[in-house]
Amino acid sequence: MALRRASSVSVEQHTNWLGRLRQVDIHATRGVTFTLERGQWLALEAAAEPVSVGEDGARVLWHTADGWFWEDDGLDAEAVALLVWDRRRRRDGQLDRLRQIRAREEQVEGARRERIPPEVRSFVWERDRGSCVACGAEDDLQFDHLIPVARGGGNAAENLQILCGPCNRQKSDRIA
Ligand SMILES: [Zn+2]
């Protein structure tokens, strides 16, 4: 892995007796600390591009706009910036997909709770002449969702029909 988030980095700022920043110790990992002078630290914080802070064996610690990263491929600042950007882009894409899935599930849950409005019931009843649209039976009738609620079907008249119990069960068996 070329680039890994450096999760254990902690930054310790030292000030002089006037409270002015003097130097910054970056505790990178157990026993490894990089020390920056005031000017170096301020430049690093102001930089738009990633800045390498120090090495630990084969790894280089980078400061980026998105946090601290280790890198062991001898990458330059531009390559590190690209990889950090790619990580963020992929994470954003994943979050977007999760948001869509959650919105869809909430919508299904909402439609399931929502009862068929009375005016829709009477419209469908009139339209289907109060009998099973499959076999014409006139008792044990039910409102059936053409597209099941669990698959995103709603309570609009176009998605509803009247079926008798036996025909409805037959349809359920086919869908399952
Ligand atoms: Zn029927």
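His63 has Trp68 as its bridge partner in β7. The model that shows this contact is predicted. A second pair links the two strands at Val60, whose bridge partner in β7 is Glu71.

Strand β7 covers residues 67-71 and runs antiparallel to β6, to which 5 bridges join it. The two strands form a hairpin, and 2 residues lie between them.

## Pairing of β5 with β6

Strand β6, residues 59-64, is also joined to strand β5, residues 51-56. These strands run antiparallel, and 5 bridges connect them. Asp56 stands opposite Arg59 in β6.

The hairpin of β5 and β6 has 2 residues between the strands. Gly57 in this hairpin takes a positive phi near 65 degrees.

## Pairing of β2 with β3

Strand β2 spans residues 10-15, and strand β3 spans residues 21-29. They pair in the antiparallel sense over 6 bridges. Thr15 stands opposite Leu21 in β3.

A hairpin is formed by β2 and β3, with 5 residues between the strands. Within the turn, Gly19 has a positive phi of about 85 degrees.

## Pairing of β3 with β4

Strand β3 also pairs with strand β4, residues 32-37, in the antiparallel sense. This pairing extends over 6 bridges. In β4, Val32 is the bridge partner of Thr29.

The strands β3 and β4 form a hairpin that has 2 residues between them. Gly31 lies in the turn of this hairpin and has a positive phi of about 75 degrees.

## Glycines in the turns

Which residue in the turn between β2 and β3 has a positive phi? The residue is Gly19, with a value of about 85 degrees. In the turn between β3 and β4, a positive phi of about 75 degrees belongs to Gly31. For the hairpin of β5 and β6, the corresponding residue is Gly57, with a positive phi near 65 degrees.

Conventions: Residues numbered from 1 in each chain as written. Predicted model: local features only at pLDDT ≥ 70, side-chain atom pairs only at ≥ 80, totals over all residues. Pairing = 2+ DSSP bridges. Helix = DSSP H or I, 4+ residues; strand = E, 2+ residues; numbered from the N terminus.
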